[in-house]
Amino acid sequence: MSELIKSKSQEIAHNSRISCLKMVHAAKAAHLGSSLSVIDILSVLYSDVGNISKTNPDSLASDQVLVSKGHAAAGTYAVLANSGFFETAILESYCEDGSLIGGHVTFGKVPGIPFSTGSLGHGLPLGIGLALARKRSNANSFVYVVMSDGECDEGTTWESALIANQFEVGNLVAIIDRNRLQSFGDTEETISLEPFKSKWESFGWNVSEVDGHDHEAMKEIISNIRKPVSSKPNVIIANTIKGRGISFMENQVVWHYRPPSDEQLAAALLELEAQS
Amino acid sequence: MRDAFIKSLIELAEEDDRIALLTGDLGFGVVEKFADKFPERFWNCGVAEQSMMSIAAGLAKSGMRPFVYSIANFPTFRCLEQIRNDVCYHDLPVTIVSVGGGLGYGTLGYTHHGIEDIAAMRALPNISIYSPSDPSETNQVLAQSHKNGKPAYIRLGKNGEPNISANSSNEIAGSVRELTSGTDLTILASGAIAENCTQAAKSLSSEHSIQVISIPRIQPLEVEFLRDLITSQKILVVEEHVERGGLAASILENFNKAKVELIFEHLFVKEFQINQIGSQDYLRSLSGLDVLGLVKTCKEMLSQR
């Protein structure tokens with residue numbers, strides 16, 4: 001490991017950014033910025049704090065990670081492969097005809113994906129179901145739902161915020177990738193979410209706020225959530241940068257859609273190399 | 001059918017601790033029996049059908065067998081994408097139970113009528129669709145769907161429907177059942193409306209013998225058994241559902257696929273009446289689905305050569 005990359009999860013995040021850029025470039029696909037913003041969160045979950053059984057993930061003893069922002073598929077698959085859930089060679093077939101991995105996360109093709117997502121607002125209530133079953137069986141496992149901030153426009157988010165509080169699903173952790181950019185631009189100029197933290201608090205959730213690119217800070221928060229288990233559901237507002245890691249992609253909404261050209265890919269990879 | 005359902009569900013839940021019940025804050029006076037007996041397997045999700053359906057999928061993914069209970073169109077149309085993506089796509093054993101299907105909530109109006117539900121469910125993958133005609137069929141379809149362990153939709157009537165006596169052994173439990181035998185005309189019906197069909201057959205019985213067949217399982221359809229069961233040339237399909245996408249459409253599509261020709265008349269809920277106000281019986285009569293209307297259509301068909 002280098003001076004800049006100090007942990008296994010950081011190494012996985014770094015390698016996943018490289019994988020992700022190549023995948024989106026080759027497939028001429030979208031949602032690169034969304035993937036780059038969430039890669040650190042996913043790396044912490046899949047490679048560190050999430051105790052996910054690779055052989056029997058539906059077992060109640062296994063944690064579950066549910067990526068509700070299914071459009072961040074390139075980032076999700078890159079982190080899963082770089083964390084050892086499947087061969088990294090599979091990443092090269094991203095979005096190809098007949099591939100195992102496509103533009104939204106799809107269950108049943110590679111390990112680590114409990115539910116297909118892509119239509120926003122499904123992950124949080126699905127996560128409540130997964131968590132309730134674990135709670136009922138007195139399992140010590142946790143359910144992590146990774147959401148986008150734009151996804152919080154969906155009514156099911158707030159239905160589920162009420163329900164999770166009512167059912168005291170303390171083994172549920174929602175992590176919101178708060179990059180502040182959705183389809184047309186700033187979340188606050190689209191459908192304002194602020195005051196975001198106090199909204200969740202008023203719904204009865206245990207709320208934390210963290211730099212969503214600071215691995216150690218995220219690990220510490222999750223570790224604290226897991227001991228002792230509270231009856232309150234947990235939400236972590238992870239402040240992130242869309243397009244994180246590539247200077248000319250950061251905070252630019254166009255990278256929600258645009259694949260990099262050959263020159264842009266080369267420049268981006270050079271930037272990442274300098275960060276290693 | 002409501003009481004038969006909850007009684008049957010409790011019996012199944014006594015044997016199988018994976019069974020859970022979720023309600024969208026409906027079923028007052030019905031679901032409490034389950035909730036009292038199995039409080040750790042009962043969740044009132046409030047007036048939030050979309051989240052309720054996804055929660056059920058999450059429970060099913062974790063090994064449980066959730067039943068989702070609400071009325072008419074709420075557990076279908078309000079959460080159609082959750083049924084499509086979370087339940088059917090993942091082929092999870094969630095059973096959706098809709099009470100008051102058809103025009104069951106008469107005077108409450110079109111917002112509370114479930115008359116396009118079968119069409120919507122039929123378009124989805126992996127799901128079996130049931131519409132029992134009486135309490136005994138309710139028990140049968142519940143047992144069948146539980147045994148299958150796959151997505152299922154069960155459309156129930158309201159309450160107080162009598163058991164329709166069937167003196168024939170011509171049935172596949174939970175799928176097809178001959179209610180009356182006859183050779184002049186065959187009525188194919190699904191759901192609580194079958195009772196009206198047997199009454200119409202009875203009122204014509206001095207001059208004509210009319211066969212009434214209940215089809216509690218609309219999807220998948222038992223094509224060959226049904227084909228062999230039909231004893232007359234004249235066929236009337238009756239359903240408390242709009243014209244498109246329901247029982248008649250299922251029969252047409254499945255018989256065509258099996259290369260079995262079947263020509264029939266069709267009685268259904270007509271679109272002109274959706275803003276009409278009245279009891280279930282009144283609303284049925286507007287589309288000729290009451291006993292008198294059924295008798296009239298049968299007579300017209302019987303008089304044709």
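**Note on the two-chain predicted model**

1. Helix H1 (residues 8-27) of chain A packs against helix H9 (residues 262-274) of chain A at an angle of about 180 degrees, with axes 10 Å apart. Helices (H or I, at least four residues) and strands (E, at least two) are DSSP runs, numbered from the N terminus. Axes are lines fitted to C-alpha atoms, for helices over the stretch in contact, and angles run from 0 to 180 degrees between N-to-C directions. H1(A) and H9(A) are therefore roughly antiparallel to each other. The cut-offs: under 35 degrees is roughly parallel, over 145 roughly antiparallel, 65 to 115 roughly perpendicular, and the rest oblique.

2. On H1(A), the contact uses A:His14, A:Arg17, A:Ile18, A:Leu21 and A:His25; on H9(A), it uses A:Leu265, A:Ala268, A:Leu269 and A:Leu272. Two residues are in contact if their C-beta atoms, placed from the backbone, lie within 7 Å. By class, this contact has six nonpolar, two polar and one charged residues. Ala, Val, Leu, Ile, Met, Phe, Trp, Tyr, Cys and Pro count as nonpolar, Asp, Glu, Lys and Arg as charged, and the others, Gly among them, as polar.

3. On the conventions: this is a predicted model, where local features need pLDDT of at least 70, side-chain atom pairs count only at pLDDT 80 or more, and totals for chains, interfaces and linings use all residues. Residues are numbered from 1 along each chain as its sequence is written, while chains are lettered from A and ligands numbered from 1 in the order in which they are written.

4. Next, the contact between the chains. Chain A puts in 24 residues and chain B 23 residues. Helix H4 (123-136) and helix H5 (155-166) of chain A each supply at least two residues of the side of chain A that touches chain B. H4(A) gives the most to that side, with 10 residues. By class, the side of chain A that touches chain B has 13 nonpolar, seven polar and four charged residues.

5. H4(A) and H5(A) also pack on each other. Their angle is about 25 degrees and their axes are 8 Å apart. H4(A) and H5(A) are therefore roughly parallel to each other. From H4(A) come A:Leu124, A:Pro125 and A:Ile128; from H5(A) come A:Thr156, A:Thr157, A:Ser160, A:Ile163 and A:Ala164. By class, the contact of H4(A) with H5(A) has five nonpolar, three polar and no charged residues.

6. Chain B has two assigned domains: domain 1 (2-155) and domain 2 (171-303). The bounds come from an automatic or database domain assignment. The C-alpha centres of domain 1 and domain 2 of chain B lie 25 Å apart. Their contact takes 25 residues from domain 1 of chain B and 32 residues from domain 2 of chain B. On the domain 1 side, helix H5 (117-122), strand S5 (128-130) and helix H6 (135-148) of chain B are the elements that give two or more residues. H6(B) has the largest share of that side, five residues. By class, the side of domain 1 of chain B that touches domain 2 of chain B has 10 nonpolar, 11 polar and four charged residues.

7. Chain B holds an open sheet of seven strands, in the order S2-S1-S3-S4-S6-S5-S11, with mixed pairing. Two strands pair if DSSP finds at least two bridges between them. Strand S2 (42-44) and strand S11 (217-219) of chain B stand at the edges with a single partner strand each, so one side of each is left without a neighbour in the sheet. Neighbouring strands of this sheet are turned by 20 degrees against each other on average, direction ignored. Strand S1 (residues 19-23) of chain B pairs with S2(B) in the parallel sense over three bridges. B:Thr23 has B:Asn44 in S2(B) as its bridge partner.

8. Strand S10 (residues 210-214) of chain B is mostly covered, with five of its five residues buried. Buried means 20 or more other C-beta atoms within 10 Å of the residue's own; 12 or fewer is exposed, in between is partly exposed, and C-beta atoms are placed from the backbone. B:Ile210, B:Val212 and B:Ser214 point one way from S10(B), and B:Gln211 and B:Ile213 the other way. Strand S8 (residues 176-180) of chain B joins S10(B) by three bridges, antiparallel. Strand S9 (residues 185-190) of chain B and S10(B) pair in the parallel sense over five bridges.

9. B:Phe74 sits in the loop between strand S3 (65-71) and helix H4 (80-88) of chain B. B:Phe74 counts as buried, with 22 C-beta neighbours inside 10 Å. Not counting residues up to four places away in sequence, B:Phe74 touches B:Gly24 and B:Glu49.
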